[in-house]
Amino acid sequence: MVPVLVFNYERSGVSWLVLTHIAFGTSLFVIIFASLTSAYQHGKQRNIDWRSVFVIGFSSAVTALATTKLAAWLSGRHLRIAFGLLVMATAIKMLTESEAKAQRNWSSHQDRPSQSCRGRARCWCVASLAGVGGGIVTIPMMYYLLNMPLKLAIGTSSATIVITALFSVVGYILNGMGRDGLPEWSLGFVDLQRVLRSPLGRS
């Protein structure tokens, strides 16, 4: 969603000083509701480790607020480079994972279904990264660091991101207030007009 919004803002003549920040803030606002829907479906299929959701979700809140402060300070170009590198690194890592590793994760979860977030250091690591990159980071980190099966990692991440994205949106709103070059109907770095035009606004 972020690349699409960046392209759209460029075509609309939004200032390059703020267009990347608005793309991040606006996408996170929509993600709150998309993740709620996803978490509901995964919850029905029992693909969510609720202990991990609350530990990681609320622990990542501080990181999310701090990260939005940093993002507001960085240039849009640096944000796009960091985002692109993060997506590529995650994709490569997950595509090169062996079937044996996936099977070990599943077997481990079957033996200890509620142990995912027992290792506090690992959970804090995932929580801090969740505040930085959201689901792009939390899914592979839950998979590799917490040894969750992939389906459980996806479901748990969807519920965790509801909490993380909520705090991130608050951060983007606060850090974007009063900035020059914002589109009309913007609340800080959240473009309410684009939100209403999204599938969320039309549903």
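Mentor: Let's get the layout down before zooming in: in this predicted model, the chain has 10 helices and two strands.

Now for the close look, which goes to α2. This helix covers residues 19-44, and with 26 residues at 1.5 Å a residue it should span 38 Å; the C-alpha atoms at its ends are 38 Å apart, so the two values agree. There is still a bend of about 30° in α2, and you'll find it at I31. After the helix comes R46, with a positive phi near 60°.

Keep following the chain and you get to some aromatics. W50, F54 and F58 are linked into a cluster by ring pairs, and the count of aromatic pairs comes to four.

As for charges, searching the whole structure turns up one salt bridge. It joins the side chains of D191 and R194, at 3.5 Å from N to O. D191 counts as buried because its relative accessibility is 0%, and R194 is buried too, at 14%.

Stepping back to the whole chain, 45% of its 203 residues are buried. Of the contacts between residues at least 6 apart in sequence, 71% join residues at least 24 apart. The chain exposes about 11200 Å², with 64% of that supplied by carbon and sulfur atoms.

Methods: Residues numbered from 1 in each chain as written. Predicted model: local features only at pLDDT ≥ 70, side-chain atom pairs only at ≥ 80, totals over all residues. Heavy atoms only, no water. Helix = DSSP H or I, 4+ residues; strand = E, 2+ residues; numbered from the N terminus. Expected span 1.5 Å × (residues − 1). Bend = angle between axes of the 7 residues up to and from the residue. Phe/Tyr/Trp six-rings, centres within 6.5 Å; stacked < 30°, edge-to-face > 60°. Salt bridge = Lys/Arg side-chain N within 4 Å of Asp/Glu carboxyl O. Buried < 20%, exposed > 50% of the residue type's maximum accessible area, 1.4 Å probe, protein only. Contact = heavy atoms within 4.5 Å. Areas by Shrake-Rupley, 256 points an atom, 1.4 Å probe, with all protein chains shown as cover.
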